[in-house]
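Trainee: I would like to learn how to read a protein model. Could we look at one together?

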Amino acid sequence: MRHRLSFRIAAFVLALGFVPAGAFEYRQIDDWAVSCDNAYVCTISLNPPSPQDGNADLAAIQWHRSADPSAPLTLSLPFPPGFFQKGDSKGAFRISIDGIEAYSVGIADLAKDEAVGTFGVADPAALAVLFAKMTAGKSATIAYSGGLGDFSSTITLAGLSDGARFVDDLQGRKGRTDALVEKGDAAPPESVSVWSIDSYKQLPPSILRNLSDENSVCYTDEAHLDQADAFGFNAGASTIMLLPCGPSGAYNQPYQLYVGKDQEFHRAEFPNVSEAGITVLDTVYNVNFDLDNRKLSSVYLGRGLGDCGLAHYWSLDEQATGNPLVLTHERAKSACDGKDVGAANWPVTWQSTLGRHGDAADKVKKADDAGNASEAK
């Protein structure tokens, strides 16, 4: 899986104007940014990649960790200047923490990702030691030497430790032996119930024949699947898979839903409300999964600013043998007027009557009335 920030950062961070309390998260902590996708795979990046001194190209390093129990850290190092044009099989990287060399590796031992211009480092034990030193340090120097020349970049480490703590909290590692920081005595679970889907080989034939068929409405090539934040979730009585339905637009990625067990899956619909009453949608956009609260949401953006559009919110009924999605409420705003940026600020246009009592019902009605008034303008 390629670890890079997709259009969804722009869609959710810039357009929504806030960070939703779900799996897709983005936090800027001092000079480091943390982004986590729907499968709780998290990346910690220097952002913006501006060094205290030296070559800016080498400052764009990234740390990655999946939510799997005891998952190893991996590291992405940027291509040095000129590597795209000339290459260099004999060059090497060195990383120093507060002036003391802490890690070195030759380019020949690294995996290249030409699409994003990075080298992948997979050296679990050594990277764990390096990360611990970086979270305790003040600055790091990433240096390259080889046939292309000698380059270095010194970066600040302020915020890296807090970024790691945020990842631990989101992935449920707090107090566990596999935490990045502040390890505890609790053992990690045997497995997690959510996983990334980034290749055809992870899909059963009952799904793959639709996704890979070029004549299908939802045809999605494997390269796009790799980038679309697709995921699977063990929902108890059934398993759900949220997969892209074709390519993305400027700021809206359509998704399709599959429900099943083992190898047998069928395409399912998303519960929806229309003027005709309760209905369903074949596709929704920009999905966001909240594992802790067992909730799924989608936001269709009327434009990139995020001041208009339609948002759906579902809970997951883990006892359901069929489609486990239960629509809880919707928000909508038709006026693209530069106000109320972010779906959380749009009026509630529909909410389930389950659990409405007294004052709560009045608040929902007022929100519904506000939503209707906004759309009537």
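Trainee: How many salt bridges does a search of the whole structure find?

Mentor: First, the ground rules. This is a predicted model, where local features need pLDDT of at least 70 and side-chain atom pairs count only at pLDDT 80 or more, while totals for chains, interfaces and linings use all residues. Residues are numbered from 1 along each chain as its sequence is written, and side-chain values use heavy atoms, with hydrogens and water left out. Now the general idea: a salt bridge is a side-chain nitrogen of Lys or Arg within 4 Å of a carboxyl oxygen of Asp or Glu. The search of the whole structure finds nine.

Trainee: Which residue forms a salt bridge with Arg 176?

Mentor: Asp 178 does, and the closest N and O atoms are 2.7 Å apart. Buried means under 20% relative accessible area, exposed means over 50%, and partly exposed is in between (1.4 Å probe, protein chains only). Arg 176 and Asp 178 are both buried.

Trainee: Is Asp 307 buried or exposed?

Mentor: Asp 307 is buried, because its relative accessible area is 0%. Asp 307 forms a salt bridge with Arg 303, with 2.5 Å between the closest N and O atoms. Arg 303 has 32% relative accessibility, so it counts as partly exposed.

Trainee: Which residue does the side chain of Lys 333 meet in a salt bridge?

Mentor: Asp 337, at 2.6 Å from N to O. Lys 333 counts as buried because its relative accessibility is 2%. Asp 337 counts as partly exposed, at 39%. Salt bridges can also join up: Asp 162, Arg 165 and Glu 182 are linked in a network of them.

Trainee: What is the phi of Glu 182?

Mentor: General idea first. Most residues other than glycine have a negative phi. Glu 182 has a positive phi, near 50°, and is not glycine. To place it, you need the element names. Helices (H or I, at least four residues) and strands (E, at least two) are DSSP runs, numbered from the N terminus. Glu 182 is found in the loop between helix H4 (160–170) and strand S13 (194–197). Glu 182 counts as exposed because its relative accessible area is 56%.

Trainee: Where is Arg 294 found?

Mentor: In the loop between S21 and strand S22 (295–301). Arg 294 is not a glycine, yet its phi is positive, about 55°. Its relative accessibility is 26%, so Arg 294 counts as partly exposed.

Trainee: In what order do the five strands of the open sheet come?

Mentor: Start with pairing: two strands pair if DSSP finds at least two bridges between them. Here the order is S21-S22-S23-S24-S25, with antiparallel pairing. Strand S21 (287–290) and strand S25 (348–351) are the edges, and each pairs on one side only. From one strand to the next, the twist averages 15°. Look at one pair: strand S24 (residues 325–333) and S25 are antiparallel over three bridges. Within S25, Trp 350 is the bridge partner of Glu 330.

Trainee: How many residues of strand S16 are buried?

Mentor: Seven of its eight, so call S16 (residues 254–261) mostly covered. Next, its partners. Strand S15 (residues 239–244) pairs with S16 in the antiparallel sense over six bridges. Leu 243 has Gln 256 in S16 as its bridge partner. S16 also pairs with strand S20 (residues 284–285), antiparallel, over two bridges. There, Tyr 285 in S20 is the partner of Pro 254. With strand S17 (residues 264–268), S16 makes five bridges, again in the antiparallel sense. Gly 260 stands opposite Phe 265 in S17.

Trainee: How many residues lie between S16 and S17 in their hairpin?

Mentor: Two. Asp 262 in the turn has a positive phi of about 55°.

Trainee: Which residues touch the most other members of the largest nonpolar core?

Mentor: In soluble globular proteins, nonpolar side chains tend to be buried together. A nonpolar core is a set of buried Ala, Val, Leu, Ile, Met, Phe, Trp, Tyr and Cys residues joined through side-chain atoms within 4.5 Å. The largest core has 68 residues, and Trp 63, Phe 93 and Leu 296 touch the most other members. H4 gives the most to this core, with five residues. A second, separate core has eleven residues, including Ile 207, Leu 211, Ala 230 and Phe 265.

Key: Axes are lines fitted to C-alpha atoms, for helices over the stretch in contact, and angles run from 0 to 180 degrees between N-to-C directions.
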